[in-house]
Amino acid sequence: MSAEPTSFKREMLATLPSLRAFAVSLTGKHDKADDLVQDTVMKAWAKQTSFEMGTNIKAWLFTILRNEFYSQMRKRGREVQDSDGAFTERLSVHPSQYGSMDMQDFKKALSQLPDDQREAVILIGASGFSYEEAADICDCAVGTMKSRVSRARTRLQDLLKISGEADYGPDAVSAQVTTTNHSF
Amino acid sequence: MVSNVGKQSLGRSIHGMMKDKLVTQQRTRTQAGRADDGLGPNTDIGNRLRALYGAVQEEGVPAQLLDLLEKLDSAEQAQKSKVVSRDGE
């Protein structure tokens with residue numbers, strides 16, 4: 001009987017790191033992302049009776065967070081626009097398998113995508129959702145989700161090909177050292 | 001002795017192969033219907049996306065957020081025990 005709230009809390013805890021990463025990708029700022037996750041946790045807690053245990057809590061929480069983000073954006077009249085979205089802020093943990101220049105370029109490319117394409121490629125490519133789940137989260141058709149991902153991927157490939165040349169320039173190493181301090 | 005060792009390592013390698021197969025199956029399953037989306041385990045964009053996302057995940061959850069969950073949970077427990085004790089009267 002009393003196991004239910006505890007397991008709701010436990011499942012929520014397990015989802016928080018991924019939910020927070022998604023929030024960072026939406027807001028582009030860690031402090032705003034944390035506020036957003038906090039609002040989401042409170043909303044979800046209040047709505048927990050409407051959640052069926054055993055169904056996909058992760059998708060449910062992502063949906064609440066995303067709705068919350070866009071409704072706050074609307075309320076503030078897009079004042080949030082100052083953030084380019086997508087991990088623009090420095091990260092305290094550096095993605096180790098890539099050089100910082102490399103990641104810098106990637107973040108820049110990601111921030112140049114339209115919002116709907118960026119969230120699509122992140123939900124599918126990084127959060128680990130299926131097309132069906134991602135379409136539910138974004139309240140769109142599965143086909144729409146597929147075409148957003150495909151367009152995002154093509155655009156990223158184009159953008160990275162252009163910036164890729166700079167990576168191998170004579171200054172790549174020193175630039176890498178400098179950006180380490182600023183960006184990661 | 002030698003054949004014993006051979007058998008053991010054979011057993012191990014079969015086990016390893018089965019494990020590989022299982023991993024491949026799991027991977028195929030998670031990638032089902034999206035083989036051509038260019039975001040799979042061997043793609044540059046997919047890997048970079050996951051590296052970036054993973055870096056944020058590894059930062060852990062801020063303490064204030066964990067505190068909030070604890071507070072929500074204990075408030076709810078308190079509420080429940082109040083209801084129960086009232087029912088008991």
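From the N terminus on, the elements of chain A follow the order α-α-α-α-α-α-α-α, with eight helices and zero strands in the chain; helices (H or I, at least four residues) and strands (E, at least two) are DSSP runs, numbered from the N terminus. The model is predicted: local features need pLDDT of at least 70, side-chain atom pairs count only at pLDDT 80 or more, and totals for chains, interfaces and linings use all residues. Residues are numbered from 1 along each chain as its sequence is written, and chains are lettered from A and ligands numbered from 1 in the order in which they are written.

Of the 184 residues in chain A, 35% are buried, that is, have 20 or more other C-beta atoms within 10 Å of their own, the C-beta atoms being placed from the backbone. Among contacts in chain A (C-beta atoms, placed from the backbone, within 7 Å) between residues at least 6 apart in sequence, 71% join residues at least 24 apart.

Chain A is assigned domain 1 (1-88) and domain 2 (94-168), with bounds from an automatic or database domain assignment. Their contact takes 14 residues from domain 1 and 13 residues from domain 2. On the domain 1 side, α1 (3-27) and α3 (57-75) of chain A are the elements that give two or more residues.

The contact between the chains takes 37 residues from chain A and 28 residues from chain B. On the chain B side, two or more residues come from each of α2 (44-58) and α3 (63-88) of chain B, and α2(B) provides the largest share, 13 residues.

Note on methods: Two residues are in contact if their C-beta atoms, placed from the backbone, lie within 7 Å. A residue is buried if 20 or more other C-beta atoms lie within 10 Å of its own, exposed if 12 or fewer, and partly exposed in between; C-beta atoms are placed from the backbone.
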